[in-house]
Amino acid sequence: MTRFKSHMDQALEEARAAATRSEVPVGAVLVGPDGIVLASAGNRTRELIDPTGHAEILAIRAACQALGSERLPGCDLYVTLEPCPMCASAISQARIARVYYGATDPKSGGVAQGPRVFDHPQSHHRPEVYDGISAEACEDLLKTFFQEKRS
Ligand SMILES: [Zn+2]
């Protein structure tokens, strides 16, 4: 057994970088079964002019390209915010083993609330889910971003 090492700090770095690009500060890191980082990404919906440009989707795409596989069994996803229904569905399709997320998202989350994608009978694969990882840092980043946008 390899010792558990959180990759949330790297996800937070991706989220901070997204904020500097005026993107909603969400970051994601995909880690392979051997503990090696396969991909990391932050939101790029504005830059790519693409509503699917969420951090999780971009990280999944990059990791699949790196492995030459459309599935990522045994992989762990770290993401600073609860995945939305679109990303939760992609996580399920990719057969990701474990999801670690930071802040909960009462407005747009699709894991612990809303459609609860992984618990849905149509879900083909349910990853293990761990919430509240570095939650405060993840929330602060989002709060600051939206406060500065308003002022
Ligand atoms: Zn999403």
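Strand S3, helix H4 (residues 85–93) and strand S4 (residues 98–103) make a right-handed β-α-β unit. A crossover is termed right-handed if, with the strands pointing away from the viewer, the path from the first strand over the helix to the second runs clockwise. Helices (H or I, at least four residues) and strands (E, at least two) are DSSP runs numbered from the N terminus. The model is a predicted one, in which local features need pLDDT of at least 70 and side-chain atom pairs count only at pLDDT 80 or more, whereas totals for chains, interfaces and linings use all residues. Residues are numbered from 1 along each chain as its sequence is written.

The unit belongs to an open sheet of five strands with mixed pairing, in the order S2-S1-S3-S4-S5; two strands are taken to pair if DSSP finds at least two bridges between them. Strands S2 (37–42) and S5 (128–130) form the edges, each pairing on one side only. Neighbouring strands are turned against each other by 15 degrees on average, direction ignored. Axes are lines fitted to C-alpha atoms, for helices over the stretch in contact, and angles run from 0 to 180 degrees between N-to-C directions.

Strand S3 (residues 76–81) is mostly covered, six of its six residues being buried. A residue is classed as buried if 20 or more other C-beta atoms lie within 10 Å of its own, exposed if 12 or fewer, and partly exposed in between, with C-beta atoms placed from the backbone. S3 runs parallel to S4, to which five bridges join it, and is paired in the antiparallel sense with S1 (residues 27–31) over four bridges. Tyr-78 of S3 stands opposite Val-29 and also opposite Tyr-100 in S4. S1 in turn pairs with S2 in the antiparallel sense over five bridges, and Ala-28 has Ala-41 in S2 as its bridge partner.

In helix H4, Cys-87, Ala-88, Ala-90, Ile-91 and Ser-92 are buried, and the elements that cover the buried residues of H4 include H3, S3 and S4. Helix H3 (residues 55–67) packs against H4 at an angle of about 25 degrees, with the axes 9 Å apart. H3 is therefore roughly parallel to H4, a description applied to angles under 35 degrees, with those over 145 counted as roughly antiparallel, 65 to 115 as roughly perpendicular and the rest as oblique. H3 passes H4 in a left-handed crossing, that is, the near helix is turned anticlockwise from the far one by less than a right angle, clockwise being right-handed. Glu-56, Ile-57 and Ile-60 of H3 make the contact with Cys-87, Ala-90 and Ile-91 of H4, contact requiring C-beta atoms, placed from the backbone, to lie within 7 Å.

H3 also lies across S1, S2 and S3, running at about 150 degrees to S2. Ala-59 is placed in H3 and is buried, with 29 other C-beta atoms within 10 Å. Leaving aside neighbours within four places in sequence, Ala-59 is in contact with Ala-28, Val-29, Leu-30, Ala-39, Ser-40 and Ala-41.

Most residues other than glycine have a negative phi. Arg-95, in the loop between H4 and S4, has a positive phi of about 60 degrees although it is not a glycine; with 16 C-beta neighbours inside 10 Å, Arg-95 is partly exposed. Ser-22, also not a glycine, has a positive phi of about 65 degrees. Ser-22 is found in the loop between helix H1 (8–20) and S1 and is exposed, with 11 other C-beta atoms within 10 Å.

Notes. Contact = placed C-beta atoms within 7 Å.
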